[in-house]
Amino acid sequence: WTHDYETGDLSDECGATGSATVTFTVTDDCLNTTTETAVLTIIDDTNPTIDVAAEDETVECDGAGNVDALNNWLADNGGAEASDLCSDVVWTNDFTGLSDDCGATGTATVTFTATDDCDNEITTTAIFTIEDTTAPTIVLEAQDTTINCSNADQDAAIANWLANNGGATATDICGNVTWSNNYTDNLSDGCGASGNVTVTFTATDDCLNETTTTAVLTIVDETPPTIDTEAADETVECDGAGNVSELNAWLANNGGATAFDACGDVTWSNDFNALSDECGATG
């Protein structure tokens with residue numbers, strides 16, 4: 001037997017595959033010959049092998065989609081590696097976009113596909129995650145404030161201070177900041193309606209990370225009472241005994257004077273010592 005096959009006779013198909021038509025010749029001792037033809041075919045129907053599976057990756061939110069980290073992970077096929085006995089491997093993936101989670105975070109489940117020259121393929125899947133575990137940054141701390149309790153706009157002044165977060169400001173690179181506070185109008189028990197309370201202002205980002213700043217709201221009373229009715233002189237006819245009842249009644253009635261204080265009750269006192277010593281029992 002002989003044949004006409006030579007190295008290189010295979011057709012150049014995908015990868016290392018191909019075919020060759022080979023003629024086999026049988027010859028007897030007297031050199032009579034007969035031939036037979038057959039085709040040798042090399043095929044590739046075996047998928048590539050995943051040598052290293054793709055791995056999940058989680059990155060901290062940068063507020064701009066973490067584009068570089070995402071593109072590098074995709075370009076590296078999630079760290080996956082594959083090989084094929086018959087050819088090289090070409091990678092593709094099905095990434096279309098991140099889910100819309102809190103702030104600028106999100107996830108994507110990506111399938112990486114390794115394809116050989118003969119279109120056999122194998123896949124490996126991993127997840128890319130952008131998370132936000134960083135609390136907002138306090139740029140300006142809340143500032144203490146002092147309000148006079150006689151201020152007719154006291155409630156408005158308090159509300160304005162609270163609405164302004166005590167003057168505090170905050171930023172967050174991954175989303176918006178929402179402010180809240182724990183004010184409950186539970187002032188310490190100072191004189192009159194005065195007192196103070198420590199208020200905690202909380203800055204919370206879209207992913208519920210939070211940071212706090214604290215300031216003190218103080219209500220003071222620095223305003224004297226207002227005399228609504230002035231004390232009035234009183235003259236009585238001498239009874240020879242100091243007119244004690246009439247004097248005491250006039251003193252107890254504060255000479256008819258009245259007063260008001262916005263921050264508390266009013267207590268009266270006087271500096272009476274004694275009547276002057278004039279004629280008889282007068283004075």
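How many residues lie between β8 and β9 in their hairpin? There are four, and Asp119 in the turn has a positive phi of about 70 degrees. Before we go on, a word about the model: it is predicted, with local features needing pLDDT of at least 70 and side-chain atom pairs counting only at pLDDT 80 or more, while totals for chains, interfaces and linings use all residues. Residues are numbered from 1 along each chain as its sequence is written, and side-chain values use heavy atoms, leaving out hydrogens and water.

Strands here are DSSP runs of E with at least two residues, helices are runs of H or I with at least four, and both are numbered from the N terminus. Two strands count as paired if DSSP finds at least two bridges between them. Strand β8 (residues 106–116) and strand β9 (residues 121–131) run antiparallel and are joined by ten bridges. Within this pairing, Val110 stands opposite Ala126. Strand β8 also pairs with β7 (residues 89–93), again in the antiparallel sense, over five bridges; there, Asn93 has Phe112 of β8 as its bridge partner. Eight of the eleven residues of β8 are buried, so this strand is mostly covered; buried means under 20% relative accessible area, exposed means over 50%, and partly exposed lies in between, with a 1.4 Å probe and protein chains only.

Now look for an open sheet of three strands, in the order β1-β2-β3, with antiparallel pairing. Its edges are β1 (2–3) and β3 (33–42); each has a single partner strand, so one side of each has no neighbour in the sheet. Strand β2 (residues 18–27) is joined to β3 by ten bridges, and Thr25 finds its bridge partner in Thr35. As a general point, strands of a sheet pair through backbone hydrogen bonds, either parallel or antiparallel.

Another open sheet has four strands in the order β11-β15-β14-β13, and its pairing is mixed. Here β11 (145–148) and β13 (177–181) stand at the edges with a single partner strand each, so one side of each lacks a neighbour in the sheet. From one strand to the next, the twist averages 25 degrees. Strands β14 (residues 195–205) and β15 (residues 210–220) pair antiparallel over ten bridges, with Thr204 opposite Glu210. Helix α2 (residues 154–163) packs on this sheet, touching β11, β13, β14 and β15, where contact means heavy atoms within 4.5 Å. The direction of α2 makes about 160 degrees with that of β15; such angles run from 0 to 180 degrees between N-to-C directions, using axes fitted to C-alpha atoms, for helices over the stretch in contact.

What lies inside? A nonpolar core is a set of buried Ala, Val, Leu, Ile, Met, Phe, Trp, Tyr and Cys residues joined through side-chain atoms within 4.5 Å. The largest one has 15 residues, and Ile158, Trp161 and Phe201 are among those with the most contacts inside it. The elements α2, β14 and β15 each give two or more residues to this core. Leaving aside residues up to four places away in sequence, Ile158 touches Ile147, Tyr183, Leu217 and Ile219. Apart from this core lies another, of 14 residues, including Trp73 and Ile130.

Finally, visit Asn66, in the loop between β5 (57–60) and α1 (67–75). Asn66 counts as buried because its relative accessibility is 6%. Its side chain reaches the backbone oxygen of Glu60 at 2.9 Å. Not counting residues up to four places away in sequence, Asn66 touches Val59, Glu60, Cys61 and Ile130.

Note on methods. Polar contact = N/O pair within 3.5 Å; in protein donor to acceptor, adjacent residues only side chain to side chain.
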